[in-house]
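Here is a short briefing on backbone geometry and helix packing. Please read it alongside the sequence and the structure.

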Amino acid sequence: MSLTDARIRSLKPKKKPYKLADEKGLYLFITPQGSKCWRLKYRFMGKEKVLSIGVYPEISLSEARDKRSDARKQLANQLDPGITKQIHKRSEQASIENSFEAVGREWFAKYSCGWVKGHSSKILNRLEMDVFPWIGKNLISEITAPQLLSVLRRIEARGALDTAHRAHQDCGRIFRYGIAVGKCERDPSADLKGAIPPARVKHRAAILEPVKLRELLCAIQGYAGYFVTKCALQLSPLVFVRPGELRNAEWSEINLETAEWSLPAEKMKMRQPHIVPLAQQTIQILQELYLLTGHGRYLFPGCRTKTRPISDNTINAALRRLGYQANEITAHGFRATARTILDEVLGFRPDVIEHQLAHAVKDPNGRAYNRTSHLELRREMMQKWADYLNELAKDNTSTVK
């Protein structure tokens, strides 16, 4: 007697599993836990076998019968439906493992451990928001240049040209990783060179004129907010490191006796350790700050919790509070300020300045300078820079060259 939906719904579990036949080898297997599993009994090459079809009600009675019919057609063509199911399952698993998203996440997991947290977060967010939703499920080996271009065009359409170029670079790295691990044979991103209009370079706002810098330094001296924030403001032009490097500074990295701040490689954009020589003015600020925060981990702990540093927007917000707009000065802009004035006003060698900025600098033989290169020259430069800023802030009347 064939099964009906009404009869299947009425079935109750028993202490032992039992079966109820439908027809043509299809039956329902009921477990003591109440699961109702579709199975098909068949013979292939003289051997009796069982094929699992699915669980009721996820697989309805009519769907189970359709799957039984498909299995019987395979048997008629001398194909074992059990083996066919295994091959299909392995193929599906291979498709998942070799999808662009799977390879992309594998690439990210392998290399992101060596990146600054903020940098890795931006890359993953860009992939998850702008790339994976459109081509993530595609086999990486089957993605074509036009398909990738359509993804980049979506980003371009909203005016985010810089993001489109960065996404292009990210995808290229994923394809090249896929080639290395044998999951694809070529990088279609290479075919898209010039397909996206160049992004307009947008420099971060910075004050480059000594007269305007003097006004800013005087404003910083008069800052009446959180003392820790004021110290961060005062140190920003003195050390001109990247804002993330400053706000994440730890007391364990500061040596007041040798007048050095040693930043580990994992905190640096270029993934190389870096030394910042500390001028006397810088040390005075640090000594005062130490009395307040020296018992903790960070130089600049947040005002709400001491276990995390100030936010990445704290210094910019303080500059706005002082009356400076985003198109006038940013926390990152202090680097351009130092770069320009050290070169054009104080006359220091560009390679020494660039090294202090922790940019990639090479010697005449093409070798990258190590972390101690020009250290004495940089130490002298940082002291003269601090003296210059100190005199600049004092002089409210005379003309500054």
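Ala259 counts as buried, because its relative accessibility of 11% falls under the 20% cut-off. The model is predicted, and Ala259 has a phi near 60 degrees, a positive value in a residue other than glycine. Most residues other than glycine have a negative phi, and most peptide bonds are trans.

**Positive phi**
- Ala259 sits in the loop that links β5 (254-255) and β6 (260-263).
- Met45 also has a positive phi without being glycine, here near 55 degrees.
- The loop between β3 (36-44) and β4 holds Met45.
- Met45 counts as exposed, because its relative accessibility of 69% is over the 50% cut-off.

**Cis peptide bond**
- Tyr56 and Pro57 are joined by a cis peptide bond, with omega about 10 degrees.
- Pro57 belongs to the loop between β4 (47-56) and α2 (61-76).

**Helix pair α9 and α10**
- Two packed helices are described by the angle between their axes and the distance between the axes.
- For helix α9 (residues 210-221) and helix α10 (residues 227-239), the axes come within 9 Å and cross at roughly 155 degrees.
- The angle is over 145 degrees, so α9 is roughly antiparallel to α10.
- The two helices, α9 and α10, cross in a left-handed sense.
- On the α9 side, Leu217, Ile220 and Gln221 make the contact.
- On the α10 side, Lys230, Leu233, Gln234 and Pro237 make the contact.
- The contact residues of α9 and α10 comprise four nonpolar, two polar and one charged.

Technical notes: Residues are numbered from 1 along each chain as its sequence is written. This is a predicted model: local features need pLDDT of at least 70, side-chain atom pairs count only at pLDDT 80 or more; totals for chains, interfaces and linings use all residues. Side-chain values use heavy atoms; hydrogens and water are left out. Axes are lines fitted to C-alpha atoms, for helices over the stretch in contact, and angles run from 0 to 180 degrees between N-to-C directions. Helices (H or I, at least four residues) and strands (E, at least two) are DSSP runs, numbered from the N terminus. Angles under 35 degrees count as roughly parallel, over 145 as roughly antiparallel, 65 to 115 as roughly perpendicular and the rest as oblique. A crossing is left-handed if the near helix is turned anticlockwise from the far one by less than a right angle, and right-handed if clockwise. Contact means heavy atoms within 4.5 Å. Ala, Val, Leu, Ile, Met, Phe, Trp, Tyr, Cys and Pro count as nonpolar, Asp, Glu, Lys and Arg as charged, and the others, Gly among them, as polar. Buried means under 20% relative accessible area, exposed over 50%, partly exposed in between (1.4 Å probe, protein chains only).
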